[in-house]
Amino acid sequence: MSSFFSNLFASLFGGNDPEAQKKRILKNIAKNLQKTKFRFYKSGSHEAEPGLAKFFYDIYKTLSNAQKAFQETNPNALKNVVINSMLSDNQKQIIDNLTEDAINDLGKKMPLKELSEKVKKDIESFNSEFDNAKLTKIDTLYTKLIVMMNLCTYDYYFIIKKFDSSFKEHNFSAQPRFQAINSSYIAEDLKNFIDVAWGIPFDADWDDVFKLLKFIKGTDIIAPNLWRRVLAKIRTIKDKHVFEMMIQLISSNPAYKDTYKTEDLHIADDYLSQIRKQSDAALDAIKKRQAASKVDSLLSQVFGTNAIPKLKNYNDSNCDILERKGIGSYLYATPLSYLKQFLLEYTKKEVREISDILVIRGEWSNQQMSTPMSEAFHQLLELNEKITVLDNHMGENSDWGIKIKTHLPRADRDRDSKGIIQTTLKDANNMAAQCIISAVQNFVIFDRNLKMLLEDFVKMPRSELLLNWKDLDHFAEGRLKQMCVDVYKKIFGFVQLMQNFQVKVEED
């Protein structure tokens with residue numbers, strides 16, 4: 001019987017009906033909102049009142065100059081200003097020495113190794129003055145500065161104009177005429193404002209922020225007392241949950257809660273990392289320039305010119321599109337072109353001539369001792385043909401070239417096509433690397449043996465390696481020693497040239 005009457009009363013007065021409970025809760029929320037004395041929302045008509053527009057208008061008017069100032073400020077520049085304001089005189093001097101221009105100037109006066117050590121010591125000295133207290137102070141100041149900037153640059157004009165369509169941006173000469181509007185138009189604006197404002201550290205000391213802004217702009221962009229007055233208004237709205245209750249009523253969702261995050265920003269670590277990266281980049285640029293200068297010098301020494309012909313197909317120009325698409329490149333096009341030219345100009349002529357005289361015509365005390373020099377020379381001759389084969393492979397009408405040409409149009413969207421091209425490039429680059437590595441090894445062997453023979457030549461008539469130096473020199477018209485010296489220097493210079501390129505065979 002009691003169950004019957006319970007169900008009867010529930011049907012008459014709502015009971016546990018979810019929708020009825022929701023309405024009762026929303027009604028209570030409306031009463032609580034009314035008690036706050038803020039006339040921002042009218043429950044009966046579901047309208048946002050002119051009082052809400054006035055609230056945002058007053059904040060906008062107070063922060064207008066600050067908004068303009070922040071909009072003209074590069075946010076990233078603020079990080080450097082905050083940190084620089086905390087640097088000691090010693091740190092400021094070190095920073096001046098770590099600029100790209102300063103490092104470049106020093107690079108003209110001291111060896112790269114010595115410069116690298118100096119930069120390393122400067123960075124260590126700079127970092128040593130950043131104790132935990134200073135790091136915290138920097139991060140706290142920057143956090144407050146960004147909080148202020150976000151509040152000042154909130155789009156108040158956008159929400160105010162909804163209440164008065166004639167309102168002009170940053171125009172406070174005439175009192176606007178606000179009208180009540182459908183509250184659904186401003187629900188998202190309230191949420192956005194909560195995201196910006198509720199995380200403000202209301203109890204923080206803002207004096208350091210005002211001091212920094214005055215240093216940056218040369219004047220106060222907002223009076224400290226006005227800023228604190230704005231924060232007091234916002235804090236009251238937050239503490240009384242005014243916007244939270246409004247959103248609950250507008251969305252008919254009594255379960256809605258203010259969601260915002262309080263963020264502590266950390267910039268000091270990134271700043272220190274950036275200094276190191278910039279310094280490393282400056283040193284790397286110097287290293288590359290010096291390497292390029294060294295390469296140019298060695299090219300002139302070896303070839304008498306810096307204009308070395310490129311290979312027909314395996315060259316930098318033909319792989320531009322591959323690099324732009326991030327697929328890969330012809331890694332060893334430049335050193336391979338140098339090798340090809342050296343083999344053509346010197347190995348087939350001067351090196352062959354000296355090899356014929358010493359290895360073939362020479363009477364060796366032990367014939368087996370001539371084997372390394374002879375094999376090295378023949379290995380070098382074979383490399384010329386291998387380079388030609390590689391270069392031909394990369395032609396657009398040859399096997400590797402056809403693969404690249406066929407799959408390139410699809411490489412952006414087809415992983416398999418991209419993979420085929422990358423595998424082809426890997427094969428080509430490995431073949432190029434093998435040619436270069438083999439050439440350097442065999443040139444070193446040839447030159448090492450040539451040096452031993454030159455030393456043996458000087459011992460005449462007590463030579464130990466070759467027994468017929470006089471006959472060989474007569475055959476060379478008395479130029480044999482100079483011929484050997486010239487070839488030795490050419491090969492030595494070419495090996496030095498090749499050592500400026502990082503060459504390796506990529507394993508599967």
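## Contact between H8 and H11

Leu141, Lys144, Leu145 and Met148 of helix H8 are in contact with Asp208, Val209, Phe210, Leu212 and Leu213 of helix H11. Sorted by type, the residues of this contact comprise 7 nonpolar, no polar and 2 charged. The model is predicted.

Helix H8 spans residues 132-152 and helix H11 spans residues 207-217. Their axes come within 10 Å and cross at roughly 75°. Angles of 65 to 115 degrees count as roughly perpendicular, and H8 and H11 are therefore roughly perpendicular to each other.

## Helix H2 and its surroundings

Helix H2 covers residues 18-35, which makes 18 residues. From its first C-alpha to its last, H2 reaches 26 Å, close to the 26 Å expected at 1.5 Å a residue. Just after H2, Lys37 has a positive phi of about 75°.

Ala20, Leu26, Ile29, Ala30 and Leu33 are the buried residues of H2. Strand E1 (41-42) and helix H13 (242-250) are included in what covers these buried residues. An α-helix has 3.6 residues a turn, so residues three or four places apart point the same way.

## Asn430 in helix H19

Asn430 lies in helix H19, which consists of residues 415-458. The relative accessible area of Asn430 is 11%. Buried means under 20% relative accessible area, and Asn430 is therefore buried.

Leaving aside residues up to four places away in sequence, Asn430 touches Lys504, Val505 and Glu506.

Methods:
Residues are numbered from 1 along each chain as its sequence is written. This is a predicted model: local features need pLDDT of at least 70, side-chain atom pairs count only at pLDDT 80 or more; totals for chains, interfaces and linings use all residues. Side-chain values use heavy atoms; hydrogens and water are left out. Axes are lines fitted to C-alpha atoms, for helices over the stretch in contact, and angles run from 0 to 180 degrees between N-to-C directions. Helices (H or I, at least four residues) and strands (E, at least two) are DSSP runs, numbered from the N terminus. Angles under 35 degrees count as roughly parallel, over 145 as roughly antiparallel, 65 to 115 as roughly perpendicular and the rest as oblique. Contact means heavy atoms within 4.5 Å. Ala, Val, Leu, Ile, Met, Phe, Trp, Tyr, Cys and Pro count as nonpolar, Asp, Glu, Lys and Arg as charged, and the others, Gly among them, as polar. The expected span of a helix is 1.5 Å times one less than its number of residues. Buried means under 20% relative accessible area, exposed over 50%, partly exposed in between (1.4 Å probe, protein chains only).
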